[in-house]
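Here's a quick tour for anyone meeting this structure for the first time. Have a look at it, and then we'll go through a few of its features.

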Amino acid sequence: MLTGLLLTVIFGLLVYQRHQQGQFDLTEDFRAWGIVFLIFIGVSVVIRIIIQIIFHIINAIATRSEDVPREDERDKLIKLKATRNSYYAFTSGFVLSVVGLALGMPVHWIFIAFVASGLIAEILDNGSQIYYYRKGV
Amino acid sequence: MARKSIITGKESEMSKSSIQNNIRKLRFLKGEMTQQELADLVQVSRQTIVAIEKGNYSPSLELAFRFAHVFKTPLEEVFTYKADNTK
């Protein structure tokens, strides 16, 4: 959750900085949005893999066990419910962005809404998992 | 919904399910089998055993039968259903 939040904020700031410097115009150039999204997906996948590897190494050293915890039916149910909640968040973001367009908001707001709803969806996904693990499912 | 603990006899506020279980008692009768040992036998994590014992998770039918198989006892002796008439 923290990784997703940090990644999005840092990447968002970098992109905004370049937009301010005039390297690309995110209010008009939708091709630039496509490139930004693709780079963001690639970067976030690579960084998440690296963090996962580092986490497993630290975990193996701390617990002195190389076994990866197996996923049982409760884990699967929790993951499923968390994914459902995040799907609701992302869909709501999409619908809100469409409503915004209908109300005359600039088109580039739809992309900002995508990023925001994607981030909220991820936070909700991880938050739901923590909630269900602690409070029961 | 409060539930009486089989071992201690105390009222438990943790139970959120109308399915109650005797797993703690059955583990005790199996020579104080640990949660990890039971988890390995029924192929789930120890955390899932903890959640089931607390009443925070109702297992699937297949897992319930696995418990009964491990304890060599009928399913009704492991899990019991108590209808909530307040709903």
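What is the mean pLDDT of chain B, and what share of its residues reach 70 or more?

## How confident is the model?

Keep in mind that this is a predicted model. For chain B the mean pLDDT comes out at 83, with 76% of the residues at 70 or more.

As for the model's scores, ipTM is 0.73 and pTM is 0.76.

## Chain A: α1 against α2

Now over to chain A. Helix α1 (residues 2-21) of chain A packs against helix α2 (residues 30-63) of chain A at about 145°, and their axes are 11 Å apart. The crossing of these two, α1(A) and α2(A), is right-handed.

Who meets whom? From α1(A) come Thr3(A), Leu7(A), Phe11(A) and Val15(A); the residues they meet in α2(A) include Phe40(A), Ile47(A) and Arg48(A). Sorted by type, the residues of this contact are eight nonpolar, two polar and one charged.

## Chain A: α3 against α4

Further along, helix α3 (residues 73-102) of chain A and helix α4 (residues 108-135) of chain A pack at an angle of about 160°, with axes 8 Å apart. So α3(A) and α4(A) are roughly antiparallel to each other. Their crossing is right-handed, and the contact is made up of 17 nonpolar, 11 polar and four charged residues.

Note on methods
Residues numbered from 1 in each chain as written. Chains lettered and ligands numbered in written order. Predicted model: local features only at pLDDT ≥ 70, side-chain atom pairs only at ≥ 80, totals over all residues. Axes fitted to C-alpha atoms, helices over the stretch in contact; angles between N-to-C directions. Helix = DSSP H or I, 4+ residues; strand = E, 2+ residues; numbered from the N terminus. Left-handed = near helix turned anticlockwise from the far one by under 90°. Contact = placed C-beta atoms within 7 Å. Nonpolar A, V, L, I, M, F, W, Y, C, P; charged D, E, K, R; others polar. pLDDT = per-residue confidence, 0-100. Parallel < 35°, antiparallel > 145°, perpendicular 65-115°, else oblique.
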